[in-house]
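Trainee: I would like to learn how to read a structure slowly, one feature after another. Could we begin with what surrounds a ligand?

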Amino acid sequence: MPVSNLQIEKILDHYADLLDIDGANQFKVRAYKNAARIVDGLSSNLSDLVLSGEDLTRISGIGKDIASDIREIVETETLSKLLELQEHVPEELLRILELPGLGPKKVKSLYRELGITTIAELKQNCEAGEISKLSGFGKKSEKQILEAIEKFSRRPDRFLLSTARELVEKLLQYLRQLPEIQEIQVAGSYRRAKSTVGDLDILVAGENREKIMLHFVENPEVEEIISHGDTKSSVVLNTAIQVDLRVVDQSGFGAALHYFTGSQAHNIAIRHLGLQQGVKVNEYGVFKQKEQLAGRTEQEIFDCLGLDYIDPELRENRGEVEAARENRLPGLIRPEDIKGDLHMHTSYSDGMHSIEQMAEAAVELGYEYIAVTEHSQSLKVARGLGPEKLKQQMQEIDRLNRELPEITVLKGLEVDILQDGSLDMPEYILRQLDLTVCAVHSKFNLSREEQTERITTAMANPNFNILAHPSGRLLLSRDPYQVDMESIVRAAAEKNVVLELNSQPERLDLDEFYCLRAKELGAAVSISTDSHNTPGLSLMHHGVHQARRGWLEPRDVINTRNLPELKKILQK
Ligand code: DGT
Ligand code: CA
Ligand code: CA
């Protein structure tokens, strides 16, 4: 079996982490981290390239050393450097490194001074007051570490929606092998497109329940069978996700689909509405006494209750039932409404592909425009651009726009919002750009007041167009920074600043709740991919789904507009 890109990525990433703990030069650590990400985004198979004698240094971001490392991995399935490093840097330390507030330097000193290699040992030492005796640590950090450990162990076992999507595709393919299955749908939070899901709820209508259930639990990917019944079974797959399967009669499939799609709060609201109308709504249908009035499809259920069809993304009991009764549900945005992408990186900074390659990929997606937005200079780890390099890029964009009439490339920049609320680029340069995407990339730990002040000060700058990933959260791994988002949304509405909904599956930031607030308060939203390579451009649908959960319609989102309208908005 040839080594896959994923295996290569893992080894490079792993090596970078251990180097980091070992106190290696930061540039070296970065280089391996970057290389891992590049490998991840690569469309061609590295094993093939190596075996056919290709020069890997032609891939941007892969230098001579890493190219030879990749060759070694392909040939030996391992990296001798990594093995050497593993001899004096224990693997378990990587788990400790995952705790917020503990960087490589501290992890190393915990290991050197107290021999701590596991989270359990770390906890013991904190409780015994040993940590505060170390230089660089105090009583306060001891307390913080304990809190971090507490949070870590309570971390809910949830999955990113994007991860779930990959698993579901494979699972459905497996289940559909059975001809006995007449209808199959994934319900639950997955169907409501929640940004993270706890488990998967699959619903099947079909003949021969026993056979269907047997097929389900006999899936070779099943690691543990929690229950195995006639109508319901639960398993845990080897990917650690739990899957519940229910088999129902086709005559009640719509009712079951509605019920198991949830949310629970929505179901309760619907049941109450039914009671007011003298009917009973449950997972089998809508009933008057014993007579089934509806149940075959979801549409039937809604019709029967005098409601417009409610899209699954809206079913959170946030006013959708009332809106459906009064025919004022939003006409939700769809992926095909998107006319361009306003946040992406190219090989000018830490991206993988050239402007031209990104533009051509965007033409394939049917876009009218894209904006190229490299990082600004203060973000050194992402090879941010200074004024000179940026001017050079603007010239290239002018040339490209003459040569590629199918699409317009806008000149943008992802500008760092500095701690004092100023923007990381001179005013005279900012004025030459078509748009700015401004973001916080440092000092995440300011107080709520300071962070809010910092961002709203920046937003008052006339060159500030879009606030990128407004909360800084990384789903399941990093909490948002402390900030008064309500004030930010209000300021956006006042100052004609657009709020970005970043489509990276682990960001989905602007949060859905603030999408709805933005709409209510009159702030516009842009949905962008923040992609670093051409495949990244197709992450857009993740952002669109989140926007749908936030009740957004095409007119609420600036990149559904055509270019002249967009330009008007950006000129404020
Ligand atoms: P998750 O899995 O935590 O991401 O969230 P859900 O919404 O998928 O929740 P789950 O898997 O526990 O149940 C799927 C759906 O089944 C849920 O959205 C609504 C429905 N459901 C489950 N238990 C109840 C219940 O006790 N009452 C009502 N009304 N509905 C329920
Ligand atoms: Ca679920
Ligand atoms: Ca479930």
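Mentor: A residue is near a molecule or strand if one of its heavy atoms lies within 4 Å of it. Before we use that, please note that this is a predicted model, in which local features need pLDDT of at least 70 and side-chain atom pairs count only at pLDDT 80 or more, while totals for chains, interfaces and linings use all residues. Residues are numbered from 1 along each chain as its sequence is written, chains are lettered from A and ligands numbered from 1 in the order in which they are written, and side-chain values use heavy atoms, with hydrogens and water left out.

Trainee: Which residues come nearest to ligand 1?

Mentor: There are 16 residues around ligand 1, and those that come nearest are Arg158, Ser189, Arg192, Gly198 and Asp199. For classes, Ala, Val, Leu, Ile, Met, Phe, Trp, Tyr, Cys and Pro count as nonpolar, Asp, Glu, Lys and Arg as charged, and the others, Gly among them, as polar. By that scheme the shell around ligand 1 holds three nonpolar, eight polar and five charged residues.

Trainee: How should I read a polar contact, and which atoms of ligand 1 lie 2.8 Å and 2.5 Å from side chains?

Mentor: A polar contact is a pair of N or O atoms within 3.5 Å; within protein, one must be able to donate a hydrogen and the other to accept it, and residues adjacent in sequence count only if both atoms are side-chain atoms. Here, a polar side-chain atom of Arg158 is 2.8 Å from an oxygen atom of ligand 1, and an N or O atom in the side chain of Ser189 lies 2.5 Å from an oxygen atom of ligand 1. With Tyr259, a polar side-chain atom lies 3.3 Å from a nitrogen atom of the ligand. Accessible areas come from the Shrake-Rupley method with a 1.4 Å probe, and for residues only the protein chains shown count as cover; taken alone, ligand 1 exposes 600 Å², of which the protein buries 70%.

Trainee: Why does ligand 1 lie between domain 2 and domain 3?

Mentor: Domain bounds come from an automatic or database domain assignment. Domain 2 (159-248) and domain 3 (253-325) both give residues to the shell, so ligand 1 lies between them. Helices (H or I, at least four residues) and strands (E, at least two) are DSSP runs, numbered from the N terminus, and the elements that give two or more residues to this shell are α11 (188-191), α13 (253-261) and α14 (264-276).

Trainee: What does the loop between α13 and α14 contain?

Mentor: Ser263 is found in that loop, and the peptide bond from Gly262 to Ser263 is cis, with omega near -5°.

Trainee: How many aromatic pairs are there?

Mentor: Rings of Phe, Tyr and Trp (its six-membered ring) pair if their centres lie within 6.5 Å; planes under 30 degrees apart count as stacked, over 60 as edge-to-face and the rest as tilted. The count comes to five aromatic pairs. Among them, Phe302 and Tyr309 are edge-to-face, at 5.4 Å centre to centre with 85° between the planes.

Trainee: Is Phe302 buried or exposed?

Mentor: Buried means under 20% relative accessible area, exposed over 50%, and partly exposed in between (1.4 Å probe, protein chains only). Phe302 is buried, with a relative accessible area of 0%, whereas Tyr309, at 29%, counts as partly exposed.
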